[in-house]
Amino acid sequence: MNKRRKRLQATLEILTNNCIGSQEELARMLAIRGYNITQATLSRDLKTLRATKAATEMGGYRYIVNQSGDAPVDEVWEAVPSTAQMERHPAVTTIARSGNILVIKTRTGYAAGLAYDIDQLETPMLLGTISGADTVIAVLNDSFPLSAVFDYFSDFFPEEVLDAARDQFVD
C-alpha cells in the first residue's frame, strides 16, 4: 500500500472513530500516527474522502465522511469497517412513515453515514436515500409490504425503535 493510501486510510479511521471539528485537530491526530502533512495536503485528502462538516448535538461541528458512488478511495474505504457492519445502528432515534417514504431520525451528524450504510445494503426494498444532518429520507419500493421492510431491518436498526415504528404502522 502506498504512503498516500495509508494516510487516507488513517484519516478515514480517525474521522470514523472520533469527533474531529477542525483541520488542525485532524492534523494533530495524523501527526501522532506519523503523518506530518501540510494544510493543503490535508484539504486535498478531505476532498478525496468526500468529508463534510455536520452540526453536532452540542452546537459545534464535526467532519463526517459520506462515501457514495465509485470513488478513487473505494479500496481505502473498504478497509475501514462501516457502521453497516455493526449489529445495529445506535444513532437512530425514531422512524416515521408517509406513504412509501420512511423518515429516519438520528442523533445530529449521523444521518449521512446512516444513508450511506442503507445504500450499501443494495436491497430492492429501497429505491434510495437522501440525508441531512439528523434525518434520512428513505424511499420504499411499494412492491414490498411494510412488514417485510421492518423484518429486513430487524438487525440493522435498534430494536426499540423498530418496535415503536411497527406499533404505529399497520400494513
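A: Start with one term: two strands pair if DSSP finds at least two bridges between them. Also, this is a predicted model.

Q: OK. What is the order of the strands in the open sheet of four?
A: The order is S3-S4-S6-S5, and the pairing is antiparallel.

Q: Which are the edge strands?
A: Strand S3 (92-98) and S5. Each of these pairs on one side only.

Q: By how much are neighbouring strands of this sheet turned against each other?
A: By 20° on average, with direction ignored.

Q: What holds strands of a sheet together in general, when they pair?
A: Backbone hydrogen bonds, and the pairing can be parallel or antiparallel.

Q: Let's zoom in on S4 and S6. How many bridges do they pair over?
A: Five. Strand S4 covers residues 101-106 and strand S6 covers residues 135-140, and their pairing is antiparallel.

Q: Which residues are bridge partners there, say for Ile104?
A: Ile104 has Val136 in S6 as its partner.

Q: What joins S5 to S6?
A: A hairpin, through three residues.

Q: Which helix lies across S3, S4, S5 and S6?
A: Helix H5, residues 111-121. H5 runs at about 165° to S5.

Q: New topic. How do strands S1 and S2 run, parallel or antiparallel?
A: Antiparallel, with five bridges joining strand S1 (residues 51-55) to S2. Ala51 stands opposite Val65 in S2.

Q: Which residue in that hairpin takes a positive phi?
A: Gly59, with phi near 90°. The hairpin has five residues between the strands.

Q: Now the helices. At what angle do H2 and H3 cross?
A: At roughly 95°, and their axes come within 11 Å. That makes H2 roughly perpendicular to H3. Helix H2 spans residues 23-32 and helix H3 spans residues 39-48.

Q: Which residues meet there?
A: From H2, Gln23, Leu26, Ala27 and Leu30; from H3, Gln39, Leu42, Ser43 and Leu46.

Q: How many of those are nonpolar, polar or charged?
A: Five are nonpolar, three are polar and none is charged.

Definitions and conventions
Residues numbered from 1 in each chain as written. Predicted model: local features only at pLDDT ≥ 70, side-chain atom pairs only at ≥ 80, totals over all residues. Heavy atoms only, no water. Helix = DSSP H or I, 4+ residues; strand = E, 2+ residues; numbered from the N terminus. Axes fitted to C-alpha atoms, helices over the stretch in contact; angles between N-to-C directions. Parallel < 35°, antiparallel > 145°, perpendicular 65-115°, else oblique. Contact = heavy atoms within 4.5 Å. Nonpolar A, V, L, I, M, F, W, Y, C, P; charged D, E, K, R; others polar.
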